[in-house]
Amino acid sequence: MDLALDPGLDCQDVEIQRALDYWRAIRGLRTAPNVEDLDVLQIPRSVLPLISLVDIEYDPEPRFRWRLIGTAITTVLQRDMTGRYWDEIYSEDVFNLFAEPTKNVLRTGKPMRFTARAHVAGKEIYDAEHLYMPLSGPEGRIDRIFAITAFTYAEQRAAD
């Protein structure tokens, strides 16, 4: 899996851009919106199957857990990892790849777009575009990541 970070947020997928626009709208003038600001009724319907939420635990050091994974993602991956900790389900290499942009969001407090090339469940996925956006908790610390993922399959790439 190759991973490329894009802090400039050059979103290629329209749904990823819609999610970023929604996040910016609920953020307002703050660095990051509060977790409670997320309203499933206000998130564009086309975005919902593509979103995930990542819980951040800080004691003794950051640990990541999938709180929610959208149906479009679980369909592609052919498994649902909701409720599972990353360090329990991913190999060290995969964990380190996904932890890099996540830790960047925690360090900067800003969204991070990244792309990856992956092979999943016997299906080659040439491109996966991800956007991780911070959500702050009651103490102002980033307690959750609002994420969106869009996959481009080999068949779609060949048709382009």
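Which residues does S52 touch, not counting residues up to four places away in sequence? S52 touches W66, L68, I69, G70, I73, I145, F146 and A147, where a contact means heavy atoms within 4.5 Å. This is a predicted model, in which local features need pLDDT of at least 70 and side-chain atom pairs count only at pLDDT 80 or more, while totals for chains, interfaces and linings use all residues. Residues are numbered from 1 along each chain as its sequence is written, and side-chain values use heavy atoms, with hydrogens and water left out.

**Overall architecture**

- The protein has five helices and six strands, where helices (H or I, at least four residues) and strands (E, at least two) are DSSP runs numbered from the N terminus.
- Read from the N terminus on, the elements follow the order β-α-β-β-α-α-α-β-β-β-α.
- Of the 160 residues in the protein, 46% are buried, a term that stands for under 20% relative accessible area, with exposed meaning over 50% and partly exposed the range in between (1.4 Å probe, protein chains only).
- Among contacts between residues at least 6 apart in sequence, 53% join residues at least 24 apart.

**Helix 1 and its ends**

- Helix 1 (residues 14–27) has 14 residues and reaches 20 Å from its first C-alpha to its last, close to the 20 Å expected at 1.5 Å a residue; the expected span is 1.5 Å times one less than the number of residues.
- The buried residues of helix 1 are E15, I16, A19, L20, Y22, W23 and I26.
- Seen down the axis of helix 1, these buried residues fall within an arc of 160°, so they line one face of the helix; the arc is that of the directions from the helix axis to the C-beta atoms.
- Just after helix 1, G28 takes a positive phi of about 65°.

**The hairpin of strands 2 and 3**

- Strand 2 (residues 51–57) and strand 3 (residues 63–69) run antiparallel and are joined by six bridges, two strands being paired if DSSP finds at least two bridges between them.
- A hairpin of five residues links strand 2 to strand 3, and P60 has its place in the loop between these two strands.
- The peptide bond from D59 to P60 is cis, with omega near 10°.
- The bridge partner of D55 in strand 3 is R65, and the side chain of D55 is also joined to that of R144 by a polar contact of 2.9 Å; such a contact is a pair of N or O atoms within 3.5 Å, of which, within protein, one must be able to donate a hydrogen and the other to accept it, and residues adjacent in sequence count only if both atoms are side-chain atoms.
- R144 lies in strand 6 and is buried, with a relative accessible area of 16%.
- Not counting residues up to four places away in sequence, R144 touches V35, L53, V54, D55, I56, R67, M133, P134 and L135.
- S52, found in strand 2, is buried, with a relative accessible area of 3%.

**Nonpolar cores**

- In soluble globular proteins, nonpolar side chains tend to be buried together.
- The largest nonpolar core has 25 residues, and those with the most contacts inside it are F64, W66, W86, Y132 and I145; a nonpolar core is a set of buried Ala, Val, Leu, Ile, Met, Phe, Trp, Tyr and Cys residues joined through side-chain atoms within 4.5 Å.
- Strand 2, strand 3, helix 2 (71–77), helix 3 (86–89), helix 4 (92–108), strand 4 (112–120), strand 5 (123–136) and strand 6 (142–153) each supply at least two residues of this core.
- The largest share of this core, five residues, comes from helix 4.
- Apart from this core lies another, of 21 residues, among them C11, A19, Y22 and M133.
- W86 touches V54, F64, R65, W66, F95, F98, A99, T102 and Y132, not counting residues up to four places away in sequence.

- L5 lies in strand 1 (residues 2–6) and is partly exposed, with a relative accessible area of 32%.
- The C-alpha atoms of L5 and T115 are separated by 6.7 Å, although these residues are 110 residues apart along the chain.
- L9, in the loop between strand 1 and helix 1, has a positive phi near 60° without being a glycine, and L9 is buried, with a relative accessible area of 14%.
- Q78, in the loop between helix 2 and helix 3, likewise has a positive phi, of about 60°, although it is not a glycine.
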